[in-house]
Amino acid sequence: MEGKTVILPRRWTAWLNAVVLLVAGWIVIAVLSLQVRPGTTVVAVAFPPWWSAQQVFEAAATAKAEIVRSTALPTLLVVRPDDHGGLARLTEAGAFLVMDVQAIAACFGK
């Protein structure tokens, strides 16, 4: 029995393809549903998770965005950006993600 090598079949490739497809589909749906629509006046802004609440409020103030509401997550704010380049200033101030408020309205339910 010496000299025989046991070759195990590779079954991981079948489920790996399915997992990759599932994750890619979820990302595409999330990106499309969280996009800010043209003409939106109120947006949700996600800042880096390692920032303190003070840093988040200072970044929003630096971007000249009016704070409408804070959330349970200290790095997620609902703001009303200035009409003239407000979204770009939020990104420059350190925002990771600017989202449509309607897309995440379920997070604010009581």
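Some ground rules come first. Residues are numbered from 1 along each chain as its sequence is written, and side-chain values use heavy atoms, without hydrogens or water. Because the model is predicted, local features need pLDDT of at least 70 and side-chain atom pairs count only at pLDDT 80 or more, while totals for chains, interfaces and linings use all residues.

Start with confidence. pLDDT is the predictor's confidence in each residue, from 0 to 100. The protein has a mean pLDDT of 82. Of its residues, 85% reach 70 or more. Helices (H or I, at least four residues) and strands (E, at least two) are DSSP runs, numbered from the N terminus. Helix 2 (residues 53–62) has the highest confidence, at 92. Helix 1 (residues 12–34) has the lowest, at a mean of 84. Where pLDDT is low, the predicted coordinates should not be read in detail.

Now find strand 3, residues 76–80. Four of its five residues are buried, meaning under 20% relative accessible area; exposed is over 50%, and partly exposed lies in between (1.4 Å probe, protein chains only). Strand 3 pairs with strand 1 and also with strand 2. Two strands pair if DSSP finds at least two bridges between them.

Take strand 1 (residues 43–46) first. It runs antiparallel to strand 3, joined by four bridges. Ala-46 has Leu-76 of strand 3 as its bridge partner. Val-45 also sits in strand 1. Val-45 counts as buried because its relative accessibility is 0%. Beyond its neighbours within four places in sequence, Val-45 is in contact (heavy atoms within 4.5 Å) with several residues, among them Leu-77, Leu-90 and Leu-97. Val-79 is on that contact list too. Val-45 and Val-79 are 34 residues apart in sequence, yet their C-alpha atoms are 7.2 Å apart.

Strand 2 (residues 66–70) is the other partner. It pairs with strand 3 in the antiparallel sense, over four bridges. Arg-69 is bridged to Val-78 of strand 3. Strands 2 and 3 form a hairpin, with five residues between them.

Look inside that loop for Thr-71. Thr-71 has a relative accessible area of 18%, so it is buried. Its side chain makes polar contacts (N or O pairs within 3.5 Å; within protein, one atom must be able to donate a hydrogen and the other to accept it, and residues adjacent in sequence count only if both atoms are side-chain atoms). One reaches the backbone oxygen of Leu-73 at 2.9 Å.
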